[in-house]
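Thanks for coming, everyone. Let me put the structure up and walk you through it.

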Amino acid sequence: METTLRGVGVSHGVAIGEVRHMGTAVLEPPAKQIPADEAEREQGRARQAVEAVAADLVARGNLAGGEAQHVLEAQAMMAQDPELIADVDRRIAVGSTAERGVYDAFAAYRALLANAGEYLAGRVADLDDVRNRIVARLLGVPMPGVPDSDEPYVLIARDLAPADTALLDPTLVLGFVTEEGGPTSHSAILARALGVPAVVALPGAGEIAEGTVVAVDGSTGEIFVEPSQEKRAEMESASAARRAALSAVTGPGATSDGHKVPLLANVGGPGDVPAALEAGAEGVGLFRTEFLFLDDSKQAPSEEKQVEAYRAVLEAFPEGRVVVRVLDAGADKPLEFLTPADEPNPALGVRGLRSLLDHPDVLRTQLTALSRAAEGLPVYLEVMAPMVADRADAKAFADACREAGLQAKFGAMVEIPSAALRARSILQEVEFLSLGTNDLAQYTFAADRQVGAVSRLQDPWQPALLDLVALSAEAARAEGKSCGVCGEAASDPLLACVLTGLGVTSLSMGAASIPYVRATLAKHTLAQCGRAASAARAADSADEARLAAQAVLSGE
Ligand code: PEP
Ligand code: MG
């Protein structure tokens, strides 16, 4: 009998197919003792397994490219962490088998991370994945991860590690559903980059039996278990109609009455450029440069390496706009050479611009590399700082850009409520604002973006978040400057109309979302978007805001 479940839709599209579960079994090796003369051999086995798993992660990364590559390489480095390996050796020396030594050493490290604060939830999933891979290899059992199947399927997992998400073959994996994760989690961002329909934060999805047919709507977050023939036909025809409507709308982003809203792409490096061009992105609204830094957490990439990566992206958009965000390290993206190791709450610690101001040499090299990369290109380069809290931050960043001789517009991301509240003051120092709604929601609602249990508060339709967007956009308009959105909020077509109505001047998102946003925007006038925005702000909850905007835009 058909039943309906509802999670959070994070990547558009419809997927209908049989369920396959991710191999998630935690492999707990028996705690047997080995004789002392076997310790050396076991240590060698452990090291070999670590090396093989790290090499496999790097190879998967090479295959995947783009943002995924950097995430996988960071996981490979996690596997090779010298302190972890030393701990494994110590445990084997006192009688553990290789697999048990690895298992226990990772458990100790995991506890350390977990005690360091909630923000590490995402990293813990990555760490567990690395541990499972090493232990599986030592035990000689199949690797956990994406199931082997020649037939297309809908993947269900508790949570997806970046290593798995990156390897999802869009021709086999029709869509995926996870029990954990929020709309701004890494998995959700990667799903959009891949263009695979996805629903997250659906507790109970794990109980759907293997082989059951489900229909997943990545836009509404609904899952129909054992859908009736009528339901399937209805969803398939709605999906086909949507695809046809999407391909019929082309060109620059605009409302139906011609109000232009440039549609830009979020990229993590040159690997993401082809998809952005294919989707007709008018430029890049967020180049997450930290992915270039995750290769080696002990030092920054050389100026030459940075110039090369920046130039490859800048060259792809002649006469277009490319907004580069300087390194956003810390919290969920710690870098050994920048991030303090002992912060009690790293999401509220020295991260983003704060860590760059503590390491002016790293910022200077990055700005110089950007300046060199843009030399002689007709591109409109804009450079922005993450995690700007106040005018002093904005001034320090603008001063650093000027000192580096950068020929570009300088901007500030609005990710902290204080920046939205005092946007006009920040605009005295910089030329544009870009709303990072993922972190802005996290800090407004005190809700960790990696934690599925608080995804309700990460919903970008929350009226309080819309109020902060409105404040920022109004401040920019009053100063005659621009204010874009580059957080995941921009990828929701209906919300994109609301953001436009709030006065946002550009929208930047994962490439796969661009056609959806373009088509929806083209159906409504600017005045309708304005009315939808007012209705959403007048609501008391995210769900009410969504319904209120929907009612206005559908002419009810
Ligand atoms: C944001 O916080 O909305 C943002 C765009 O930055 P990131 O997701 O990389 O933190
Ligand atoms: Mg952010």
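Let's start with one residue: does Leu294 count as buried or exposed? Keep in mind that this is a predicted model. Leu294 has 12% relative accessibility. Buried means under 20%, so Leu294 counts as buried. Where does Leu294 sit? Find the loop between α10 (290-293) and α11 (303-315). Now look at what Leu294 touches. Setting aside neighbours within four places in sequence, Leu294 contacts His70, Ala74, Met77 and Leu335. Leu294 and Leu72 are 222 residues apart in sequence. In space, their C-alpha atoms are 9.4 Å apart.

Leu72 takes us to the helix pairs. Leu72 is one of the α2 residues that meet α1. Helix α1 covers residues 39-64 and helix α2 covers residues 66-79. Their axes are 7 Å apart, at an angle of about 175°. α1 and α2 are therefore roughly antiparallel to each other. On the α1 side, the contact includes Val50, Ala54, Leu57 and Val58. On the α2 side, it includes Ala68, Gln69, Leu72 and Ala76.

Next pair. α11 packs with helix α13, residues 360-374. The axes come within 8 Å and cross at roughly 45°. α11 and α13 are therefore oblique to each other. Their crossing is right-handed. Among the contact residues are Val307, Tyr310 and Leu314 of α11, and Thr365, Ala369 and Ala373 of α13.

One more pair: helix α19 (residues 493-501) and helix α20 (residues 514-521). Here the angle is about 55°, and the axes are 8 Å apart. So α19 and α20 are oblique to each other. This crossing is right-handed. Pro493, Leu494, Ala496, Cys497 and Thr500 in α19 meet Tyr516, Val517, Thr520 and Leu521 in α20.

Stay with α20 for a moment. How many of its 8 residues are buried? The count is 7, so α20 is largely enclosed by the rest of the structure. Those buried residues are Ile514, Tyr516, Val517, Arg518, Ala519, Thr520 and Leu521. What do they pack against? The partners are α8 (229-248), β9 (263-267), α19 and β16 (506-509).

Now the nonpolar cores. In soluble globular proteins, nonpolar side chains tend to be buried together. In this model, the largest nonpolar core has 104 residues. Which members touch the most others? Val498 and Leu507 do. Helix α18, residues 463-478, gives this core its largest share, 8 residues. Not counting residues up to four places away in sequence, Val498 touches Trp461, Leu466, Cys529, Ala532, Ala533, Ala536 and Ala549.

Last stop: the metal. Which residues coordinate the magnesium ion, ligand 2? Glu415 does, through OE, and Asp439 does, through OD, at 2.0 Å. Glu415 lies in the loop between β13 (409-414) and α15 (417-421). Asp439 is in helix α17, residues 437-445. So the pair ties together parts that are 24 residues apart in sequence. Both Glu415 and Asp439 are buried.

That's the tour.

How values were computed
Residues are numbered from 1 along each chain as its sequence is written. Chains are lettered from A and ligands numbered from 1 in the order in which they are written. This is a predicted model: local features need pLDDT of at least 70, side-chain atom pairs count only at pLDDT 80 or more; totals for chains, interfaces and linings use all residues. Side-chain values use heavy atoms; hydrogens and water are left out. A nonpolar core is a set of buried Ala, Val, Leu, Ile, Met, Phe, Trp, Tyr and Cys residues joined through side-chain atoms within 4.5 Å. Buried means under 20% relative accessible area, exposed over 50%, partly exposed in between (1.4 Å probe, protein chains only). Helices (H or I, at least four residues) and strands (E, at least two) are DSSP runs, numbered from the N terminus. Contact means heavy atoms within 4.5 Å. Donors are N, O and S atoms within 2.8 Å of the metal (3.2 Å for Na, K and Ca); water is not among the atoms, so sites may look incomplete. Axes are lines fitted to C-alpha atoms, for helices over the stretch in contact, and angles run from 0 to 180 degrees between N-to-C directions. Angles under 35 degrees count as roughly parallel, over 145 as roughly antiparallel, 65 to 115 as roughly perpendicular and the rest as oblique. A crossing is left-handed if the near helix is turned anticlockwise from the far one by less than a right angle, and right-handed if clockwise.
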